[in-house]
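Try each task before reading its solution.

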Amino acid sequence: MTVHSRETAIACVKEGGAILLDYHHKLENLQVHTKGRSDYVTEADFAVQEALIRLIRSRHPDHDILAEEGAERPRQNTTRWILDPLDGTTNFIHGFPVYCVSIALAVRGKVEQAVIYDPSPDELLQKVWDGQRICSAEALRLYSLPLEELGALADRRRQLAKAKAYDGR
């Protein structure tokens, strides 16, 4: 894992977050499609995913990319980026500001880094498996958590958002 790949991951989620905030301010015109029962995809998902792929390809042209919306086909490389351009699409389309951009980097099938960025409160969650904590020059809250805790935190935030949306709060 290089500093360059860490910088790429942070740049990706920050760029994706900026795109989501832009779309969040114009939700009334957002195009939404259904992938399945209660499973949505928006033009914001695709815009973020395209931006992340473009940025990764410009810095790491030999790396594979596995993206939620399926634009890239993995080439069975040993280094693979895993993208979720908009985690929390249902919250997003209802204007509830609990959503994030998620990215991970796996080397030889083992995730070495995961970064989750929630643009509304400007919160970045990160886990680097070599034990180093990366600090940004920007005023971000930065956490170093085990992958299971990052997943559990994201799950709790989604559950809270669903409960609030259901209760009409």
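**Exercise 1.** Where is the place of His60?

*Solution.* His60 sits in the loop that links helix 2 and strand 3; helices (H or I, at least four residues) and strands (E, at least two) are DSSP runs, numbered from the N terminus. A note before the next step: this is a predicted model, in which local features need pLDDT of at least 70 and side-chain atom pairs count only at pLDDT 80 or more, while totals for chains, interfaces and linings use all residues. Residues are numbered from 1 along each chain as its sequence is written, and side-chain values use heavy atoms, with hydrogens and water left out.

Next, look at the surroundings of His60. Its relative accessible area is 6%, so His60 is buried; buried means under 20% relative accessible area, exposed over 50%, and partly exposed in between (1.4 Å probe, protein chains only). Leaving out neighbours within four places in sequence, His60 is in contact with His4, Ser5, Thr8 and Trp81, where contact means heavy atoms within 4.5 Å.

**Exercise 2.** Describe the overall make-up of the chain.

*Solution.* Start with the elements: the chain has four helices and eight strands. Read from the N terminus on, they run α-β-β-α-β-β-α-β-β-β-β-α. Then turn to burial: of the 169 residues in the chain, 43% are buried. Finish with the contacts: of those between residues at least 6 apart in sequence, 45% join residues at least 24 apart.

**Exercise 3.** Work out how helix 1 packs on helix 2.

*Solution.* Step one is the geometry. Helix 1 (residues 3-24) and helix 2 (residues 43-59) pack at an angle of about 155 degrees, and their axes are 9 Å apart. Axes here are lines fitted to C-alpha atoms, for helices over the stretch in contact, and angles run from 0 to 180 degrees between N-to-C directions. Therefore helix 1 is roughly antiparallel to helix 2 (angles over 145 degrees count as roughly antiparallel).

Step two is the residues that meet. Helix 1 contributes a list including His4, Thr8, Leu20 and Tyr23, and helix 2 one including Ala44, Leu52 and Arg59. By class, this contact has 13 nonpolar, three polar and four charged residues. Ala, Val, Leu, Ile, Met, Phe, Trp, Tyr, Cys and Pro count as nonpolar, Asp, Glu, Lys and Arg as charged, and the others, Gly among them, as polar.

**Exercise 4.** Which residues of the largest nonpolar core touch the most other members?

*Solution.* Among the 26 residues of this core, they are Leu20, Trp81, Leu83, Phe92 and Ile103. A nonpolar core is a set of buried Ala, Val, Leu, Ile, Met, Phe, Trp, Tyr and Cys residues joined through side-chain atoms within 4.5 Å. At least two residues of this core come from each of helix 1, helix 2, strand 3 (64-67), strand 4 (79-87), strand 5 (100-107) and strand 6 (110-118). In soluble globular proteins, nonpolar side chains tend to be buried together.

Now take Leu83, which lies in strand 4. With a relative accessible area of 4%, Leu83 is buried. Not counting residues up to four places away in sequence, Leu83 touches a set including Leu52, Ile53, Ile65 and Ile103. The C-alpha atoms of Leu83 and Ile53 are separated by 8.8 Å, although these residues are 30 apart along the chain. Under the same exclusion of residues up to four places away, Phe92 touches Leu20, Tyr23, His24, Leu27, Leu30, Ala44, Leu86 and Tyr99.

**Exercise 5.** Is Arg108 buried or exposed?

*Solution.* Arg108 counts as exposed, at 67% relative accessibility. Arg108 is found in the loop between strand 5 and strand 6. Its C-alpha lies 6.3 Å from that of Thr79, and the two residues are 29 apart in sequence.

Note on methods
Angles under 35 degrees count as roughly parallel, over 145 as roughly antiparallel, 65 to 115 as roughly perpendicular and the rest as oblique.
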